[in-house]
Amino acid sequence: MIEVAGDRRRLRFEHVLNFDRDFPQYGTSGGVVRGADPREVWSWPLMWAEALDRMMGDVRDALGPDVSRLRAVSGAAQQHGSVYCTAAMAPRLARLDPGRPLCQQLEAGLSRRRAPVWLDGSTTEQCAAIEAALGGAPAVAKLTGSRACERFTGPQIRRFSERDAAGWGTTDRVHLVSSFMASLLAGAHAPVDCADASGMNLMDLRTLRWASAALDATAPDLERRLPAIAPSSTMAGALSPYWRARYGFPAADVVVWSGDNPSSLVGAGLVTPGRVGISLGTSDTVFAELPQPLPVSTARGASHLFASPTGGYMGLTCFSNGSLAREAVRDQYGLDWAGFSAALANTPAGNRGGLLRPWFVPETTPAADTGVLREGLDPDDAAANVRGVVEAQMMAMANHTEWIARPIARIHAAGGAAANPAILQVMADVFGADVYRAAAVNAAALGAALRAFEADARAHGHACPWPDVVAGLTDPAPGSRIRPVPAHTRVYDDLRRRYAGLEARRV
Ligand code: ADP
């Protein structure tokens, strides 16, 4: 929560609920449930509703009388997940009883108790059918910003409509997680924001409207079941009487929610073209704001073009062999992270020409099967292999994301491995750009609060430019700047081409 007093803004309140720990009755692990078919992964809309109810109560308790000062509220929800509602949902939302918990009043409003989430990989068949209907993967990517992807909402809707015709028949509204949560706050069906709608394989990325060809390729009679698409600063209404009577909130504006990836762009302060975010998590992700949709093919690998909450576009590319691969090499040579860092410090940039292709699990960019390869690299040389994995990852990211940002002004690194300066030095050297470590722990939530601030300012006639919106609240960790060594960058210019060749080699 951001507090505004005159010209001054500060982070007033941060609070975390954990689904597994705080809502054990839903039996989630990591917030999700896995089916007997390991490709099926879902969560519970009623759990999300219960968590929202608890969070709003916690906010009220923390703010005390200041709760009356709340002006606008928004949120960030995991992208791609979908919630299926019956026609009973709208009247229920409009007449929620403040004396009873929210989650107890929604069950009859759901045509499906489960919400498939982004980890679900069960829709390969549906993706193929959608791509075939629309003229192939490049055509789907050109229209919607991404080739058909298993986790995206369109293929998920298609699978549900095929497998449960009765459930689909009673479905009156399909929400994204974000628009469902905004609906709970506003007490009425909320629109989906164009940034989160980009993760569905259903929106025409150029017009920011539903693409009728994509809808037709997905499920029968889909358009009337979808929310409207709205710009990210749209007000979905005011906090409904439920929240006002139950917790004493004012009729604050509910700003449409967005997805976690678009919200992170704002929360990381990456609202200026040329600033690139790299998240070094379980998988590695490179993302940046783009002024306009570039004429690029996002049909291969895991590259996506989204609308951005800031009004432009956002490019994003994922790499599966992130921390998984770093840990595989670390463990293979019996090192801890200190030993891993020392190995990087004690080996030269360019690794004396040695290369490692670290695909310990199937890679998404470029799409490829598992396949570890070495070229000019002694498998027994621990330090050289440590450098090999990190250099390979950084060169792959640089090679496959040239379309996202050229030139790169600076990189903001986040995620668990961003704690390691030796890894960030290789990043700076390969990209030839300054690297800063992001300070925000939860960029998605911070981005949501900043979006609420921006929408409120805009609605009251003093629209605030995005660089000013994020100023002072998204700065990188002090003293975290790492500069590239020009001589090293020159070494990688050549090595990057050789690495691209190694990527193409068969095992
Ligand atoms: P996710 O959110 O994808 O689960 P995180 O961003 O929390 O992942 O990153 C966790 C990962 O960070 C761990 O799995 C670990 O591999 C990595 N990590 C933690 N500390 C270090 C370090 N000092 N050096 C390199 N990697 C690290």
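A5 is partly exposed, with a relative accessible area of 47% (partly exposed lies between buried, under 20%, and exposed, over 50%, with a 1.4 Å probe and protein chains only). This is a predicted model: local features need pLDDT of at least 70, side-chain atom pairs count only at pLDDT 80 or more, and totals for chains, interfaces and linings use all residues. Residues are numbered from 1 along each chain as its sequence is written, and side-chain values use heavy atoms, with hydrogens and water left out.

**Ligand site**

- The residues around the ligand are L280, G281, T282, S323, E327, W337, G415, G416, A417, N420 and I423 (each has a heavy atom within 4 Å of the ligand).
- By class, this shell holds four nonpolar, six polar and one charged residues (Ala, Val, Leu, Ile, Met, Phe, Trp, Tyr, Cys and Pro count as nonpolar, Asp, Glu, Lys and Arg as charged, and the others, Gly among them, as polar).
- A backbone N or O atom of T282 sits 2.9 Å from a ligand oxygen atom.
- S323 places a polar side-chain atom 3.4 Å from an oxygen atom of the ligand.
- N420 has a polar side-chain atom 3.1 Å from a nitrogen atom of the ligand.
- The protein covers 58% of the 580 Å² of accessible area that the ligand has on its own (Shrake-Rupley method, 1.4 Å probe).

**Nonpolar cores**

- In soluble globular proteins, nonpolar side chains tend to be buried together.
- The largest nonpolar core has 79 residues; L202, W210, I278, L280, M394 and M427 touch the most other members (a core is a set of buried Ala, Val, Leu, Ile, Met, Phe, Trp, Tyr and Cys residues joined through side-chain atoms within 4.5 Å).
- Helix α15 (residues 382–400) gives the largest share of this core, 10 residues (helices are DSSP runs of H or I, at least four residues, and strands are E runs of at least two, numbered from the N terminus).
- Another core, of 50 residues, lies apart from it, with F13, L52, L184 and A252 among them.

**S178**

- S178 is found in helix α8 (residues 177–186).
- S178 counts as buried because its relative accessibility is 0%.
- The side chains of S178 and D196 form a polar contact of 2.5 Å (a pair of N or O atoms within 3.5 Å; within protein, one must be able to donate a hydrogen and the other to accept it, and residues adjacent in sequence count only if both atoms are side-chain atoms).

**A5**

- A5 is found in strand β1 (residues 2–5).
- A5 and T347 are 342 residues apart in sequence and 51 Å apart in space, C-alpha to C-alpha.
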